[in-house]
Amino acid sequence: MEQTELFKNNRICQLFGIQYPIISGGMVWCSGWHLAAAVSNAGGLGLLGAGSMHPETLREHIVKLKRATRKPWGVNVPLMYPNIEEIMQLLIAEEVSIVFTSAGSPKKYTDLLHAHGIKVVHVVSSSKFATKCDLAGVDAIVAEGFEAGGHNGREETTTLTLIPQVRKATTKPLIAAGGIASGQAMLATMVLGAEAVQIGTLFALSQESSASEAFKQACLQASEGDTMLCLKKLAPTRMLRNDLFSRINAAESEGATPNELQEILGEKASKRGIFEGDVMNGELEIGQIVSAIHSIDSVETIVQNLISEYVKAKRSL
């Protein structure tokens, strides 16, 4: 089976003009221009993570990304972003061609982005929100299970449960996310109805990720069960257990209010943990699959391993 023929009729590959149906997550403090360019140049779709960037920083990353690749790429924008109107106008002005939206209504900006020729993909955690995406007219949907790192759906539906339910709810091109770090997992989600995968944790720990070395090394030491979903009174977040997590967990057990939890978190908790490398007192957002990752590899190696594993798994069936 030739790799060039593997995904010839894949709707996600056709939609974005990419070789492989592999998309990097738009992860805060990890997904800068270097990682996005590497994923795109390796045949996937690289995304900038706008959630941790001020507008001027995002513009700088877009300019650098345009220089670093001629392949398709996009930007992930959480709709809870405080400067969201400014960001949307920036994306239009910079002629970004693909935007992934999350953490908000897919209806709010889809028409505006479409009017400027921008393809829109929205991230959901339930089939109910997938139906809303259908009505909003998005071009594709990411269905993310609660194994994923960082901010998560309140439904706590796992990826293998979520994908077939979303597939029944919509005919839109479907991307699976959450707990995917191998070609075998990629194939499994496709059997259930996905047409591509969005991968966060594996790329967050790549050589090209902008996360700190201390964060990457702490993640490589993780065992099964070392990530937990917490902060459900604020925004459910999966993170690695550390001193900060222990304080949050104890406070939640005692019925802490949202304000009390925010006080424990402090300011810029994810920046402290992921970007600055404070592995004890920072928020270490990472997915459940982290315990299966044991090395920091280049994006090129990661993508080629995923495709090789996918082909081998498909043949073995």
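What covers the buried residues of α3?

A: Before digging in, note that this is a predicted model, where local features need pLDDT of at least 70, side-chain atom pairs count only at pLDDT 80 or more, and totals for chains, interfaces and linings use all residues. Residues are numbered from 1 along each chain as its sequence is written, and side-chain values use heavy atoms, with hydrogens and water left out.

On to α3, which covers residues 33–41 (helices are DSSP runs of H or I, at least four residues, and strands are runs of E, at least two, numbered from the N terminus). Its buried residues are L35, A36, A37, A38, V39 and S40 (buried is under 20% relative accessible area, exposed over 50%, partly exposed in between, with a 1.4 Å probe and protein chains only). The cover over them includes the strands β1 (22–24), β2 (46–49) and β3, plus the helices α4, α10 (201–204) and α15; contact here means heavy atoms within 4.5 Å. After α3 comes G43, with a positive phi near 110 degrees.

Two of those covering elements, α4 (55–68) and β3 (73–78), turn up again around α5, where β4 (98–102) and α6 (107–115) are also among the cover. Helix α5 spans residues 84–93 and buries I84, I87, M88, L90, L91 and I92. Just past α5, E95 has a positive phi too, about 55 degrees.

At least three residues come from each of domain 1 and domain 2. Take F16: skipping its neighbours within four places in sequence, F16 touches I23, L45, P72, I98, F100, K119, V121 and I175.

As for the domains, domain 1 is 3–210 + 293–316 and domain 2 is 213–289, with bounds from an automatic or database domain assignment.
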